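Please look over this structure with me. My notes follow as numbered points.

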Amino acid sequence: MADNAEILSGLSEIVEEVAGIDAGDVSAEKSFVDDLDIDSLSMVEIAVQAEDKFGVKIPDEQLAELKTVGDAVDYIAKNQ
Amino acid sequence: MTGAPVEVVVTGYGATTPLGGDAASTWEALLAGKSGVGRTDAEFVERFDLPVKISAQLAVEPTEVIPRVQARRLDRCEQVAIVAAREAWAHAGLGGDEPKVEPERVAAVVGTGIGGAMTLLGQDDLLESGGLRKVSPLTVPMLMPNGPAAVVSLELGARAGVHAPVSACASGAEALAWAYRLIQEGDADVVVAGGAEACITGITVAGFVQSRTLSSRNDEPERASRPFDTGRDGFVLGEGAGILVLERADFARARGATIHGRLAGHGLTADAYHITGPDPEGSGQSRAMLKAVRSAGLEPSDIDHVNCHATSTVVGDVGESAAIRKALGDRPVLTAPKSSMGHLVGAAGAVESLFTMLSIKEGVVPATLNLENLDPGVELDVVAGEPRKMELNAAVNNSFGFGGHNASVVFTKV
């Protein structure tokens with residue numbers, strides 16, 4: 001089980017891989033769409049990679065609710 | 001369309017080919033008699049024990065010049081389109097932060113023969129091995145044959161229209177014809193036009209092998225592509241992209257653009273004879289050349305040079321030479337750049353049109369590599385050995401494709 005800091009770190013690596021945003025610029029309060037400029041196609045890629053990395057399921061209806069990086073970290077922490 | 005045709009000029013160009021990572025290095029290598037053909041650097045050749053172990057692979061990998069994150073969202077054929085389009089756009093003086101032309105007056109026309117089949121194959125493998133979740137959400141935009149045109153439109157902000165001719169090996173030349181029409185009809189002032197192809201993989205090589213169209217001169221890759229030579233045994237599959245920036249001449253002059261050449265006309269016809277074989281009478285090909293010449297307001301006797309489709313297949317090359325004689329007589333001086341570069345399929349017509357235009361501009365016809373014994377059926381003057389310096393006023397580029405597509409375009413001196 002990863003703690004929140006480990007989840008944030010792992011998620012940041014995925015965001016960097018998929019969207020080219022420096023992992024250091026990915027923080028909990030950032031919005032995927034408004035701050036990080038990640039489109040819906042890249043969000044699907046990020047979700048699939050996060051599912052594999054953290055052993056969670058992120059259904060589409062849930063993915064739509066994950067507005068910020070922090071939302072995603074919290075969801076993964078609760079469901080892993 | 002009424003009245004005199006609108007003058008259409010070339011103000012920029014770009015390319016990435018087996019001869020070089022940009023237009024200048026490609027042209028230089030062509031004139032220097034270099035070959036872009038080599039042993040295929042891929043595991044599929046041995047895995048399937050393919051009888052053809054040679055191809056014309058890119059001189060510069062597109063991922064070396066495209067940022068990683070952009071590259072991973074693009075099929076290889078889209079990557080090469082972007083590389084050539086960026087170069088052409090900057091070369092035309094249209095780059096930079098300040099827009100030099102209204103996006104609503106810029107169109108993109110980029111053809112491909114095969115398109116994103118590598119993505120299709122790769123994603124199908126992922127579906128088979130890992131199920132739905134492993135399939136990329138970018139699968140469709142990466143495999144669609146309008147992908148190269150679409151990504152160029154997106155990259156350059158071309159909003160007058162985005163079009164993708166798909167006519168096998170004629171696609172790149174047909175794109176120039178469509179671009180010409182868009183400008184004639186007033187739909188755009190600037191058109192970024194050309195072709196892109198990057199699909200050297202097991203199934204394409206196997207498919208061409210089975211249709212008996214590829215050279216298997218594996219021990220001498222650089223000598224394998226030999227259009228018009230008696231020893232030819234098929235073409236060499238290549239990859240790359242070529243893009244021209246075509247522009248309404250008065251618009252180009254008003255913005256002070258450098259004008260490199262004039263696209264004076266085009267002719268498109270269909271054989272309706274056989275799905276892969278050319279009409280032995282060459283009537284479709286000669287009609288394309290004649291249409292092109294007449295649409296340029298010229299006579300056949302005005303054509304000084306033909307940059308041939310000539311792919312190094314046994315039947316095709318002699319058929320084309322007969323069609324040239326029929327349409328244009330025996331005066332034009334010929335060359336066949338696939339001898340150096342291989343066959344770039346959907347990009348061939350665009351890159352070779354660039355060569356045609358540069359030949360006029362610089363007064364030089366590149367030599368046909370490996371032409372040692374001219375097929376007696378050709379009966380025309382094909383440049384071999386060294387490039388030939390000569391004044392050229394008008395030249396034709398021919399591109400013909402599986403499916404009976406014939407595309408000829410005419411360039412003239414400015």
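1. An unreviewed UniProt entry places "domain: Ketosynthase family 3 (KS3)" at residues 5-413 of chain B.

2. This is a predicted model: local features need pLDDT of at least 70, side-chain atom pairs count only at pLDDT 80 or more, and totals for chains, interfaces and linings use all residues. Residues are numbered from 1 along each chain as its sequence is written, while chains are lettered from A and ligands numbered from 1 in the order in which they are written.

3. Chain B has 14 helices and 15 strands. Both are DSSP runs, numbered from the N terminus: helices are H or I, at least four residues, and strands are E, at least two. Residues 5-413 of chain B are 34% helix and 19% strand. The end C-alpha atoms of that stretch lie 16 Å apart.

4. In chain B, 59% of the 414 residues are buried. Buried means 20 or more other C-beta atoms within 10 Å of the residue's own; exposed means 12 or fewer; partly exposed is in between; C-beta atoms are placed from the backbone.

5. Now helix α4 (residues 69-79) of chain A. Its buried residues are V69(A), A72(A), V73(A) and I76(A). They sit on the same side of α4(A), because they cover an arc of only 100° around the axis. The arc is that of the directions from the helix axis to the C-beta atoms. On the other side of α4(A), K78(A) and N79(A) are exposed.

Note on methods. UniProt positions renumbered as here; feature names shortened; annotations may be inferred.
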